Amino acid sequence: LKHFLTIDGLDRPLLTEILDRAEGFLGVSEQAVKKVPLCRGKIIANLFFENSTRTRTTFELAAKRLSADVLNLNIGTSSTSKGETLLDTLRNLEAMHVDMFVVRHNVSGAAHFFAQHAAPHISVINAGDGSHSHPTQAMLDMFTIRRHKGDFGQLTVAIVGDILHSRVARSQIHALRGLGTGEVRVIGPRTLIPAPVEDLDVRIFHDLREGVRDADVVIMLRLQRERMTGALLPSEREYFHLYGLTEAQLETAKPDAIVMHPGPINRGVEMDSQVADGPRSVILEQVSNGIAVRMAIMSMCIGSQNRRSQGEGDG
Ligand code: CP
């Protein structure tokens, strides 16, 4: 695993290896064990060109638990605000001997651009690019599902909301399919479900109660207004009426269904606080699990770097 840019194309053994490895890191991420030395002497640069609370901080915590040195570039006060190009930013950080870039950008393909242009020994991890991909979020979601539900083959997973603009949904669908999930459903208004989603072997619903019927896992998505250009949208009130998850809407799901959300939540838009904070919600567990899963992915990339530098080829 040299880079981690997208879930698309990753096979089940690799996805499972990431989840298994993350399982082994839970003790470290929860601080029962303080640190492991797997990335000692490595420099990991967090480059967040777009806002983040959960992803940036859990990447930083994960890197520190792996004993790496962490650079957090504050884009607002960096020279990108003076017109420096992405490529020049990359070259300057390379000159500081960075070993890994963790990149978030509002342009789809930004992390791939870094991976194409970075020196061959450097790894790049995609922390979310435009509406394209958020692969580490999808993996922490898979980890959370597996811890609660076990075998993916038996599960019905419903993803609800703004599928069209969601990099999280796209990555989740690839991960769920890759792990052999029994049934994957997407639920939302016609204007927010892209046509190509049909190619991904999912069932499409436009009615929330029908879509979550007998589901084991219900994943809610944020209405991503910052990515909407002229889409015909209901008002937030109308949206909540039709697609907001309430205890009543959840009645048709399995009694032991879990409710997930990648965050940030817009309470009263995509879900009610009673559900977000209720007994079936695993939303904060998702955040905690992000540390172990990001440790797993970063350590696999650094392990691959070490093997390449020792002439053993990429594992
Ligand atoms: N889920 C997620 O990507 O959250 P942040 O935008 O806070 O990182």
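Biologist: Where is the place of His134, between which strand and which helix?

Modeller: This is a predicted model. His134 sits in the loop that links strand E4 (123–129) to H5.

Biologist: Is His134 buried or exposed?

Modeller: Count the C-beta atoms around a residue; 20 or more within 10 Å make it buried. His134 has 27 C-beta neighbours inside 10 Å, so His134 counts as buried.

Biologist: Which residues is His134 in contact with, leaving aside its neighbours within four places in sequence?

Modeller: They are Gly128, Arg167, Val168 and Ser171.

Biologist: Next, H5. How does its length compare with what 15 residues should span?

Modeller: Take 1.5 Å a residue as the rule for a helix. Helix H5 (residues 135–149) has 15 residues and should span 21 Å; its end C-alpha atoms are 21 Å apart, which agrees.

Biologist: How many of the residues of H5 are buried?

Modeller: The count is 11 of the 15, so H5 is largely enclosed by the rest of the structure. The buried residues run from Pro135, Thr136, Gln137 and Ala138 through Met139, Leu140, Asp141 and Met142 to Phe143, Thr144 and Ile145.

Biologist: What happens just after H5?

Modeller: Look at the backbone there. Gly150 takes a positive phi of about 75°.

Biologist: Now the domains. What does the domain assignment give?

Modeller: Domain 1 covers 12–134 + 287–309, and domain 2 covers 136–283. Their C-alpha centres lie 26 Å apart.

Biologist: How many residues of domain 1 are in contact with domain 2?

Modeller: 23 residues of domain 1 are in contact with 22 residues of domain 2. On the domain 1 side, the elements that give two or more residues are helix H1 (12–29), helix H2 (54–65), E4 and helix H10 (283–309). H10 gives the largest share of that side, 6 residues. By class, the side of domain 1 that touches domain 2 has 9 nonpolar, 10 polar and 4 charged residues.

Biologist: How is the size of an interface often given?

Modeller: Often as the accessible area lost when the parts come together. Here we stay with contacts.

Biologist: Which residues are around the ligand?

Modeller: There is a run of Ser52, Thr53, Arg54 and Thr55, then Gly128 and Gln137, and then Pro262, Gly263 and Pro264. The shell divides into 2 nonpolar, 6 polar and 1 charged.

Biologist: Which residues does UniProt list for "binding site"?

Modeller: The unreviewed UniProt entry lists Arg54, Thr55, Arg104, His134, Gln137, Gly263 and Pro264. Treat such a record with care, as annotations may be inferred rather than shown by experiment.

Biologist: Take Pro264. Is Pro264 buried or exposed?

Modeller: Pro264 has 11 other C-beta atoms within 10 Å, so Pro264 is exposed. Pro264 lies in the loop between strand E9 (258–260) and helix H9 (273–276). Leaving aside its neighbours within four places in sequence, Pro264 is in contact with Thr53 and Arg222.

Biologist: One last residue. Where is Phe240 found?

Modeller: Phe240 belongs to helix H8 (residues 236–243). Phe240 is buried, because 20 other C-beta atoms lie within 10 Å. Beyond its neighbours within four places in sequence, Phe240 is in contact with Gly268 and Val269.

Biologist: How far apart are Phe240 and Met271 in sequence and in space?

Modeller: Compare the two separations. Phe240 and Met271 are 31 residues apart in sequence and 7.3 Å apart in space, C-alpha to C-alpha.

Technical notes: Residues numbered from 1 in each chain as written. Predicted model: local features only at pLDDT ≥ 70, side-chain atom pairs only at ≥ 80, totals over all residues. Near = placed C-beta within 6 Å. Nonpolar A, V, L, I, M, F, W, Y, C, P; charged D, E, K, R; others polar. Helix = DSSP H or I, 4+ residues; strand = E, 2+ residues; numbered from the N terminus. Expected span 1.5 Å × (residues − 1). Buried ≥ 20, exposed ≤ 12 C-beta atoms within 10 Å, placed from the backbone. Contact = placed C-beta atoms within 7 Å. Domains from an automatic or database assignment.
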